[in-house]
Structures are given as C-alpha cells and as structure tokens.
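Subject: Structure handover

Hello,

Here is the structure for you to look through. My notes on it come below.

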Amino acid sequence: MTDRSVEKLRKTRDLSDDELRELIETSSHDEALRTAADEVRRENYGDMVYLRGLIEISSYCKRNCLYCGLRAENRNAERYRLSKEEILSCCEEGYGLGYRTFVLQGGEDSYYTDEMICDIVRSIKENYPDCAVTLSIGEKSRESYEKYYEAGADRYLLRHETADPAHYGKLHPANMSSENRKRCLFDLKEIGYQVGAGFMVGSPYQTTENLIADLRFLQELQPDMIGIGPYISHQDTPFRNEKNGTAELTLRMLSILRLMFPYALLPSTTALGTIRPDGRELGLKAGGNVVMPNLSPVQVRKKYAIYDNKICTGEESAQCRGCLERRIESAGYRAVTDRGDVKRS
C-alpha cells in the first residue's frame, strides 16, 4: 500500500479496517500523514491554536480505574477540593490572561452535588458571559447532565478510553462498563453539549483492533472534540509496571483523527509533553489545534496526579501561558484566546 491510502483517507474520511491497520502499525506513512493532517487543520482552522484554561477542581474520586493515580484505593494520593470561591478566583486570573474557555476537571467526587456544580457554572457565566464553560467530571445521570446544561455549561469532556467492552473490562473495575460510558456520551450529545470523547494510546492490553474500534466508535458518535494521549503509568496503581504508550503511535493516531474528523478540536496534551519534551509541539504539527494551560492553584497541581512525572506542576498560571505561547509559535502556529468553538463543515 502506498501513500495513496493517506490521500484516500483525506478525501473520503474513511478506510477499510485493513487499510487502517496498515497505517497504524507501520511508520512508513508517518510523514505523509503528518503533512496531510497539517494541511487539513490549516484548511479548517488556519494557524490558530486555542487555549483552554484548565482548573482541576478535585483529586477525590470514587472510581477505581486500574490505570489512574486518583483511584479511590490509592492511599498515597494527596486529596484536595477547590471551593467555589477558589474556582472563581482561578477564572478571574484566567480571564485576565485572556482565556475565554474554562475547563473544570476532576475525579468523580460526590462532594460536589448537582446544585453545587450548577451554582459554580452559573456564577462563571454571570461573571464572564463571553466565555465557554467545559465540564469534565465523569459519568452522571442524564438528569444531572441536563441540569448542568440548563445552568450554562457549554461543553463536556468524557473520554471513552476504549470502545471495546472486553478491553474496557481489563482497565476498569467490574462496576464500570463501556456501555454506560457510551450512554453518557450519547446523552450529552442529545442534550446539546459540544461533546468530547477520546482514548488512551498504548494502554495495557491494547491491540490494533482496539484502536480501530475506537475510530469506528468515534465515527458513530461524531464528537466535537477528541482527546487522546499516551498511556503513562502511575506508581501507586495495579498497572505500575506496565509499559507506557509511545509518542510515535500517539502522533500517528492524532494525524489519522485529523483526516477522519477535519472539523474536530484535537488537543495536543500534557501527557504528550510529559513523555517527550517536544511532544506538544509535535502534536500540533500532527493535526492538534488545542492546548490547555493549567489555571489550578500551584499548591494543588502536584496532587492532581493521574500519571507519574506530569509536567508544568510548579508553574504559575502566567508562566504556563507564556511558556505554551512560545512553544506554539516555535511550532509555526498562533495562540488565540477566543472561545474556539468547533467549526462543522
């Protein structure tokens, strides 16, 4: 198979399973993939890279996902919760730095009732009506999602992690299911959110068939945002000795996603920057068009440890913004701070 497969993917936004397997498993198409992905992102978004202000609101989580450092059974995890006032203070600082999207992310922490989340969302929207609010707080009932939406939440991020139910079962405890995770995503879409899904690259037991299943699920869901990053182990999880995912495969999947979903908002993740010093820049060159600088209070950043050796945990928000803007420019793009809504063709 020649790089005609890349052009076919660019033109039709689809390939057979065998063609996808060839792209995923070999490096011979990487240069053609990157070139095509960058051209497609420029056709849809120019040289713009959207900045999202990330606020990690809680490191408590009731779940026991086998790969995550925030898992409930990790007795070594340092736990914290941000108050409404602390969250609004982060937003105030972020607004002053130019951010027009705030991403509230946390473990599945039952301390935050629906009423509390709605109150926080309403307050942010009242104070900053020109800003988008994104929530990333896990699996909830459809009723809860509807309440958040009515309070003013615009977007919701919920990685499906893996679309294959058997693989999902190897990464999660028995009380979690791929079926329910997918139900949440379709509920969110039906309600009216801009929806983000995504998966880990190189997670334990993952096969090429799993990755193809992820792409097929995303074709079914048609999300607005797709967040992927390399799996990185955490020392206090059952997967402590598992191999990390690679930047190479993550970048390859990012380019494939850009060609399959030209309109999508694709983050170049902190995990990519953690596993390789220039990972975020390479992620942008591979088709990414979003980065999420951290607005969380510096004193809690190291406590939000999903994986080991996370970068940028000691930087002040202004430092984080400046560093990322320089990295974006060095990669040949331009940081912008507007809402950065999805551009569907």
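The notes cover aromatic rings first, then charges over rings.

This is a predicted model, with local features needing pLDDT of at least 70, side-chain atom pairs counting only at pLDDT 80 or more, and totals for chains, interfaces and linings using all residues. Residues are numbered from 1 along each chain as its sequence is written, and side-chain values use heavy atoms, with hydrogens and water left out.

Aromatic rings

The structure holds 10 aromatic pairs (Phe, Tyr or Trp rings, the six-membered one for Trp, with centres within 6.5 Å; planes under 30 degrees apart are stacked, over 60 edge-to-face, the rest tilted). Tyr145 and Tyr156 are edge-to-face, because their ring centres are 4.9 Å apart and their planes stand at 70°. This pair links distant parts of the chain: Tyr145 is in helix H6 (residues 142-151) and Tyr156 in strand S5 (residues 155-157), 11 residues apart (helices, H or I, of at least four residues and strands, E, of at least two are DSSP runs, numbered from the N terminus).

Tyr156 is buried, at 0% relative accessible area (buried is under 20%, exposed over 50%, partly exposed in between; 1.4 Å probe, protein chains only). Tyr156 also pairs edge-to-face with Tyr193, with centres 5.9 Å apart and planes at 80°. Tyr193 is buried too, at 4%. Tyr145, Tyr149, Tyr156 and Tyr193 form one aromatic cluster.

Charges over rings

The charged end of Arg81 sits over the ring of Tyr60, 3.8 Å from its centre (NZ of Lys or CZ of Arg within 6 Å of the ring centre and within 35 degrees of the ring normal). Arg100 has its charged end over the Tyr95 ring, 3.6 Å from the centre.

Best wishes
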